[in-house]
Amino acid sequence: MDLRLAWSLLGLMLLPTLSVAAGKCERLVVTGSPDAPPYLWQDPQNPKHLIGASADLLQQVAGQLGIKVEMLYAGKRSQALDEVRSGRMDMLADAPLTVTELESLDYIHPPLLENDYLVWTRRDSSLVYNEVQDLHGHPGALSEKSRLTSAFATFAEQQLALTRTPNLTQAFQKLLLGEVEFVLAGRYSGMAMAQTLGMANDLVAREQPVDRPGLFLAVSHNSACNDPWLRGQLAKKMTELPASGLTEVALQRNIERWNAQQKKPVSTPKQ
């Protein structure tokens, strides 16, 4: 047989295999934090699923790639991480970048979202704040659920007088009661919680961020969907996303969605 003909036949035989390999992942099972509005939270109408800005953006991006996304509740954040590490679920939608997790996760760069941490004070506060060093010596609060960059977490531990609270609600309550002078909280999570608690007119967020951790898509090393094609396509979409204007729209829409849910009784109990 002519050698060129042989190579041509081999190429034709391989084409179906290559196309299947490139498109083998038609469905991603994704999870994340169940209590981080407006990014992700448990759907009160369907507690087995997660909703939020991160879910909306990922589903839109994946849809453009012909991939279906199922956002499932897997328990609290640590349980969700375990599910993805094991490969029982494919991806985290809101993973903080940590060196230790590189052994089990592939992070997609750039992040899906960036979470600006701002200094929140009472509207009548006399605290002068232009840079983070101005907070030195002033009592503040921070939710234990906050996910700061490792560099800023170290700085905060060493240089700031921060009280850790179980959640952002209690941190804001301490601020209104005058027990602390400031709270470190995300721009959008703080906005959502302040509106929910009826504190929006009493609190103000200083515009200069003290920290800007990314919320990354992170694919399990043990996921059958983890291949170069998927990672490359997602990275391309993450690069295009900031200029699209979709991020701000998704965040604002989900703040409104979260607040609307807090104002009406839920027919399906949370599990």
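A residue is buried when its relative accessible area is under 20%, exposed when over 50%, and partly exposed in between (1.4 Å probe, protein chains only). Trp120, at 6%, is therefore buried. This is a predicted model, in which local features need pLDDT of at least 70, side-chain atom pairs count only at pLDDT 80 or more, and totals for chains, interfaces and linings use all residues. Residues are numbered from 1 along each chain as its sequence is written, and side-chain values use heavy atoms, with hydrogens and water left out.

Now the rings. Rings of Phe, Tyr and Trp (its six-membered ring) pair if their centres lie within 6.5 Å; planes under 30 degrees apart are stacked, over 60 edge-to-face, and the rest tilted. The whole structure holds 4 aromatic pairs. In one of them, the centres of Trp120 and Phe172 are 5.5 Å apart and the planes meet at 55 degrees, so this pair is tilted. Trp120 sits in strand β9 and Phe172 in helix α5, 52 residues apart. Helices (H or I, at least four residues) and strands (E, at least two) are DSSP runs, numbered from the N terminus. Phe172 is buried at 0%.

Phe152 and Phe155 also make a tilted pair, 5.8 Å between centres and 35 degrees between planes. Both lie in helix α4, about one turn apart. Phe152 is buried at 7%, whereas Phe155 is partly exposed at 22%.

Last, the sulfurs. A disulfide is a pair of cysteine sulfur atoms within 2.5 Å. There is 1 disulfide, and it joins Cys25 to Cys225. These cysteines are 200 residues apart in the chain. Cys25 is buried at 7%, and Cys225 is buried at 8%.
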